[in-house]
Amino acid sequence: MLVQDRAVPKSPKHPQIRILPTLQPNRFTEPKNLDFSTWVSDNFYRIITIIVLIASVATIFFLYTSTNTASLLCLQSQTQRAMDSLSLPQINWNSIKPIADKTSPYANFRSEQWVVVSVSSYPSDALQKMVKIKGWQVLAIGNSRTPRDWSLKGAIFLSLDMQANLGFRVVNHLPYDSYVRKSVGYLFAIQHGAKKIFDADDRGEVIDNDLGKHFDVELIGEGARQEVILQYSHDNPNRTVVNPYIHFGQRSVWPRGLPLENVGEIGHEEFYTEVFGGKQFIQQGISNGLPDVDSVFYFTRKSGLEAFDIRFDEHAPKVALPQGMMVPLNSFNTICHSSAFWALMLPVSVSTMASDVLRGYWGQRLLWEIGGYVAVYPPTVHRYDRIEAYPFSEEKDLHVNVGRLIKFLVSWRSNKHRLFEKIMELSYVMAEEGFWTEQDLKFTAAWLQDLLAVGYQQPRLMTLELDRPRANIGHGDRKDFIPQKLPSVHLAVEETGTVSSEIGNLIRWRKNFGNVVLIMFCNGPVERTALEWRLLYGRIFKTVVILSAQKNSDLAVEEGQLDQTYKHLPKIFDRFSSADGYLFLEDDTILNYWNLLQADKTKLWIADKVSMSWTTASTKGNSDWYSKQADMVKKVVSTMPVHFQVNYKEVVRSDQSLTICSSEIFYIPRHFVADFVDLVNLVGHLEIHQKVAIPMFFLSMDSPQNFDSVLSTMVYKQDLPSINSSSTHYSAQAPAVHPWKVSSEQEFIKLIRIMAEGDPLLMELV
């Protein structure tokens, strides 16, 4: 009807037009009455058909949605019931009864150092060597796959039956066919006197059969290494996880447990800091051969079925992790000290290959609560690749959750006042967050109770450094280490060749001088040069201490007077008492460190054979200054102990002569420090000039024939006009060059470009 109305427009002259059916019989039907009953009658069969169709569709849709809704409601109901049933176990920590070993043949056996290993087959070659490690008791933990007649002389073996009879609560939570049964072994070792536990793998051969070669087995007492440890910088608070393999020379390899989103971060550290040793309660070793890698690496970094044989830099220094930063840990090459024994618990509700990694992150976070930290060590074992890879499904808990877990742990805080209470709280929250299940919450409760039952004392809490304002890292606190770049396998292509010669040289220089302190006196404007000098020499030396006539706290420049600088040195010696030696340098002398490798760091160095630097002057006919200096020297010499005085007078036989050295550069090894300090104390308040005091000290400490002659070939000239414009003055073959003036950034850049002849990597600085 509407079509008819639109097809025939109305005329303004004729308000209505009658259209006869005989005019257009085939185009339109005859108009019909609009009565509703008539319309229904005419379209009844169509209405019925549409209604049936709609009803059918509605029925099918209802059945489908109702089924899914019921399933969803059922799942929600189950989840809600699980959440409702999750509760923090209530433990009376003061009523836990002791558990004594009354069933095993080893009830009376005690040892402080244990190797705990899971065994599923007969003793491997590596394990047979491990039992011969002096001072360490091997404890083998069996499972349902272990041969019943397993035996190895020198090892303690705990079968499933023996484990069940020990009375530990954790046994009720452990699977029968998994390495996580090592938790029983940890408790057994602690019960029998353990102070250190090496968490090992039966295919890892300890390098040189000596766990103390790289690991810090002793943290206190006479055998402890009292030293500072290189530490990753906390400069970037958003950086929460690192790949330690880069530090040890393998940038294209990553450890199992590293979030895959971090795999592409292959650059070395811009700088490190340092931390005092003694609290590295968890020590992770690196494995040569087949390192701890995930299945993604294992299946994508091979071109065939050949076994992996990846090597790491054994000379790289150990490195610690600051609070707020984590590293993947494993259960087959790790030493745990007693303060962190609680962190040995292996979760049971996650996949096998995720258990030790989740344990590691969980333990690291809690370790911060007692002031401890993790340190990673150079290669300690060699693991052979059996080409028996595990499926990706075994790591599903890693790749899905590990990145989120790290972020969660770093942000987690607790107000509990005892460590075990914090452990329970964190385990509960991790179950809530889905990182593990209620099974591990109950397992944690059993584990902690068992620890107390075997006599373990929980450590005291320390203030969490994460909640303190972080101190700014000054240039003096920045420590450099450039890792090697060793041959590796990356994207199924072997990286050919060894480390580049430039990097290799830098590593060699750093290794030689990495524990030598450079003390530099700046005559020029420190605000323009202090950072540059640290940039240049800080790559090579342990640290660069800068002195100047004017103190500048912002640049960590200390105050000192050049003519009396030697009196300031004992304070620096005391501050860096573990250094191998101390090299003094004025900023008008350039040090070509690459030419000092052959020098003996146990001897004194000074330019005594450089005539323009070392001279002997007569006090007769010279100014009063010479006479006054000579008189003061005579006074000091007369008070010297016999060994100093004899040495000095063997060289200086006349009171009328005065030995003078410009002393722009000299070196004092550590074993001469005490002598140097004694001589400074003998000078006291006398104003003996640096150029007079230093040669007097050197001649008193040792005979010149024992000085190392490394500086004898240095370039030494008097001040020259426009010296920097003369490229002939500088020699990359000399150990040092004097004089050279650097008073601006432009002059420093010019110097760097010239020095690049001896150290090409310097060009990266400009």
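I began with an open sheet of 3 strands, whose order is 18-24-23 and whose pairing is mixed. Its edge strands are strand 18 (590-591) and strand 23 (715-716), each of which pairs on one side only. Two strands pair if DSSP finds at least two bridges between them. Helices (H or I, at least four residues) and strands (E, at least two) are DSSP runs, numbered from the N terminus.

I noted that this is a predicted model, in which local features need pLDDT of at least 70 and side-chain atom pairs count only at pLDDT 80 or more, while totals for chains, interfaces and linings use all residues. Residues are numbered from 1 along each chain as its sequence is written, and side-chain values use heavy atoms, with hydrogens and water left out.

I then looked up how strand 18 meets strand 24 (residues 736-738): 2 bridges join them, and they run antiparallel. Leu 591 stands opposite Ala 736 in strand 24.

**Helix 16**

I recorded 15 residues for helix 16 and a reach of 21 Å from its first C-alpha to its last, close to the 21 Å expected at 1.5 Å a residue. The expected span is 1.5 Å times one less than the number of residues. Gln 629, Ala 630, Met 632, Val 633, Val 636 and Val 637 are buried in helix 16. These residues cover an arc of only 165° around the axis, which puts them on the same side of helix 16. The arc is that of the directions from the helix axis to the C-beta atoms. On the other side, Asp 624, Lys 628, Asp 631, Lys 635 and Ser 638 are exposed. Buried means under 20% relative accessible area, exposed over 50%, and partly exposed in between (1.4 Å probe, protein chains only). The buried residues of helix 16 pack against helix 17, strand 21, helix 18 and helix 19.

**Helix 18**

In helix 18 (residues 673-683) I found Val 673, Phe 676, Leu 679, Val 680 and Val 683 buried. They fall within an arc of 125° seen down the axis, so they line one face of helix 18. Their cover includes helix 16 (624-638) and helix 19 (690-701). Just after helix 18, Gly 684 takes a positive phi of about 60°.

**Thr 659**

I located Thr 659 in strand 21 (residues 657-661). Thr 659 counts as buried because its relative accessibility is 8%. Leaving aside neighbours within four places in sequence, Thr 659 is in contact (heavy atoms within 4.5 Å) with residues including Trp 614, Val 652, Pro 695 and Leu 699.
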